[in-house]
Amino acid sequence: MNTALDFSEIDGGMLAEVGGKAANLGELTRAGLPVPPGWVLTTDAYGLAATGLDLTPDGTLAERARRHLLEAPVPDAVHETIVKHYAALGPDVAVAVRSSATAEDLPFASFAGQQDTFLNVVGAEAVVEAVRRCWASLWTDRAVAYREANGIDHAAVRLAVVVQVMVDARVAGVMFTANPVTGRRCETVIDASPGLGEAVVSGAVNPDRFVAYDGEILERRAGDKRVAIRPLPGGGTVRVETSHDEFCLTDAEVLRLAELGRRVEDHYGAPQDTEWAVDAGGELWLTQARPITTLYPLPEPARPGLRVYFSLNVIQGVMGPLTPMGLAAFRVIGGGAAGIVGHGPADPLDGPAFMAVSGQRLWLDLTTPLRSRPGRAILPRALTLGEARGVALVRRLFDDPRLELARSSRRPFLRGLARFARRVHLPSRVFLALTSPRRALGYTRRVGEVLDRRLRVPATATPAQRLDHAERLLAATFPSIVSVMPIVLTGYGLFALAGRLSGLPLAEMQDVLRGLPHNPTTEMDLKLWDLATRVEPEPFTELTVAELVRRYEAGELPPVAQRGVAAFLAEYGHRGVAEIDLGVPRWSEEPAHILGALANYLRMDAGSDLAPAALFAKGEAQARAAAARVTAAARGRGRWRAPVTRFALRRTRTYAGLRELPKFYLVKALSGVRHSLLAVGEHLTGLGVLDAPGDVFFLDLRETRAALAGGDLRELVARRRAEHERESRRRHVPRMLLSDGTEPEALASPAPEGALVGTAASAGTVTGRARVVLDPVGAHLEPGEILVCPSTDPGWTPLFLTAGGLVMEMGGAMSHGAVVAREYGIPAVVGVADATHRITTGQEIELDGAAGTVTARPGPDQARTTSA
């Protein structure tokens, strides 16, 4: 335990031990910023780890820990030090006693308010008691739960107690040096109210709000300020009713605060969440500074001017971070994509200029197409098919003067488009798709056969040769698989043509897209169902998934099941949840998900109308009937229209299912590279560079090649694993992000009262109980329940077979979840903002897949859950 220290004595070594506000205030004092005088005491968990107490985050145990601290005597040396330093401040000086723990005010977790603060403490013994209670607040239920949620070791946490002289505040509040709602950097947001800042911090008052930017006040909004917290003579505080119609800060004071915020942000090099006070004499004081942890980090590398970024993770339904090797792989793949239009990077490992990384996720720079007329015509249409919620965001950006049309934007854009069309043989493949479905489908199969040959690596290949092969394969992946897209787009183009000829809106034609053939994801799910019809329920319905995995890996499942699972994984084992990240294990490596899905299928009645095969057959029948209706509607508008519409819909059904094929091939390529890199990782483990072969995925391709010469990268890998784990707990990932930090979606209007509105994805109406699922692994969905999830990739689709409907936060009418939902005949609405927060498991909801709405129906025992 450390003795009392003056702020001026806090040095670099102390920062690591104290952390948080104590360190911040010490630094700010030395930086000449207006921080109230004070001192700090540090302590660890006060010997709790040595007492044998179980520190499991349980309410009863947390209470025992608090009681242990409150009942333990304050050591004589600490008591004497507190009294001595308090007396040095003067007679009966009012102070604030507040915590600063090593587990709070971190770059990734603010921990704000988890420990207790005591204001207007007067008298030496009162300060001693407040320090003791501050120590004990390390073990409040909320603090323990917060540490658990953020993966922080309870026994390792340390806490400092900061004692500050109270400011006799005329007005106080909170200031953010970046807008916490929109994310815009350098936009200072100030909440202010008369009296102590606790009224604003605790939410007890509606404060005045000011927004300042670049020396100007952009917004003033008066709060009612009906409550103020005032210090009492002799110690303590009181909440009093007030009436303040005027703003409690002048414009000059607002701008002074904004300037102070800029200085604090410059000092720390990051946006800050601060608390401040203005005393009766007009002096401005800074009482606290901590990082703003809710801001999404800006993409790197930074490029000049305002840039517009769209999340590739969101498009692919992978909300978590990618491993360093996963990011490196996409840089090489992206370089291959850029090369098609003549803008490939000089070094393929650098990736293309249009690709950036932020929060260990991938972002696509849309600035160039947004600033060109052809881009503005094409981009919204492309997003309508893949990410419909982005369309309104993009259109709003058309009006941003910072994104005005570039003078010479048309010619370079069209030149790149022409190069792309030539490289993928667009005209000839569209002609092939129109004239010969057999040959067109044969071409798509040959692409897969060529990929399979390219994936082969001799067993005798050296680690360096494996890396060479991986880089070549990744660079060639996009040009190869994208060559399938002209055939796919022919199908969807003819679907749109049928809509024009019939006069029907596309939303009323969605049934045509049910039960599509040639979709590898649908075929995968149906093969798993077929396997379920051929094996006995036991032991699948009796054993845990872990035991099923053990038996499968030991070859102890019944023979039909053992062979069937092995055959399934031989064909589809390259897939998995979050499969676009080659750092993530495949089903062939970790078959738990497939064995669990198989167990779920075996609980279904094979003769039920809800059985997957029956649903698919029903979808095919509905598609035929829908095609007949559309053709009849076209005939009513002119006899020649009917045969053209019939032809168009036949081609649509032949090719639309291929939409999943490019990703199927991409994931197969990534899986092959992963297998090869694991061999490289095994070699590096033998050299002592890594602890385990899988650690190679926390390096990039350059680092892996350099590591072949030897060295020790275990510390680097451990640090990156910890960073990846922290980033995986991020609760919010923007769909779109500007380079100034603004999240355009945060500016969108709220959903209408009474309904959640999204994008119509699969027609039909269903009412049922919601099941909110954030991770498909181990999830169980009762037949008929409506699946509510952030987004989906193929790892989710086994759940679709028992779902009565689908609600997704992400996606568009051509997104993965929408495509599969249509094929299974599941009503679906996608692009529903915050659906997983606004809908709760067990809540009855009505889903209208044609109108794109989700309506909550709270039952008698259920609270309203659909408010924004």
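This short talk walks through some helices and strands of the structure shown above.

Before we start, please keep in mind that this is a predicted model, in which local features need pLDDT of at least 70 and side-chain atom pairs count only at pLDDT 80 or more, while totals for chains, interfaces and linings use all residues. Residues are numbered from 1 along each chain as its sequence is written, and side-chain values use heavy atoms, with hydrogens and water left out.

Helices (H or I, at least four residues) and strands (E, at least two) are DSSP runs, numbered from the N terminus, and two strands pair if DSSP finds at least two bridges between them.

Let me begin with two helices. Helix 5, residues 76-89, packs with helix 6, residues 124-136, at an angle of about 125°, and their axes are 9 Å apart; here axes are lines fitted to C-alpha atoms, for helices over the stretch in contact, and angles run from 0 to 180 degrees between N-to-C directions. That angle makes helix 5 oblique to helix 6, where angles under 35 degrees count as roughly parallel, over 145 as roughly antiparallel, 65 to 115 as roughly perpendicular and the rest as oblique. On the helix 5 side, Val78, His79, Ile82, Val83 and Tyr86 take part in the contact, and they meet residues of helix 6 that include Val127, Val131 and Trp135; contact means heavy atoms within 4.5 Å.

How many residues of strand 13 are buried? Seven of the eight are, so strand 13 is largely enclosed by the rest of the structure; buried means under 20% relative accessible area, exposed over 50%, and partly exposed in between (1.4 Å probe, protein chains only).

Finally, four strands form an open antiparallel sheet in the order 15-16-14-17. Its edge strands are strand 15 (355-358) and strand 17 (736-738), each of which pairs on one side only. Within the sheet, three bridges join strand 14 to strand 16, and Ser311 has Trp363 of strand 16 as its bridge partner.
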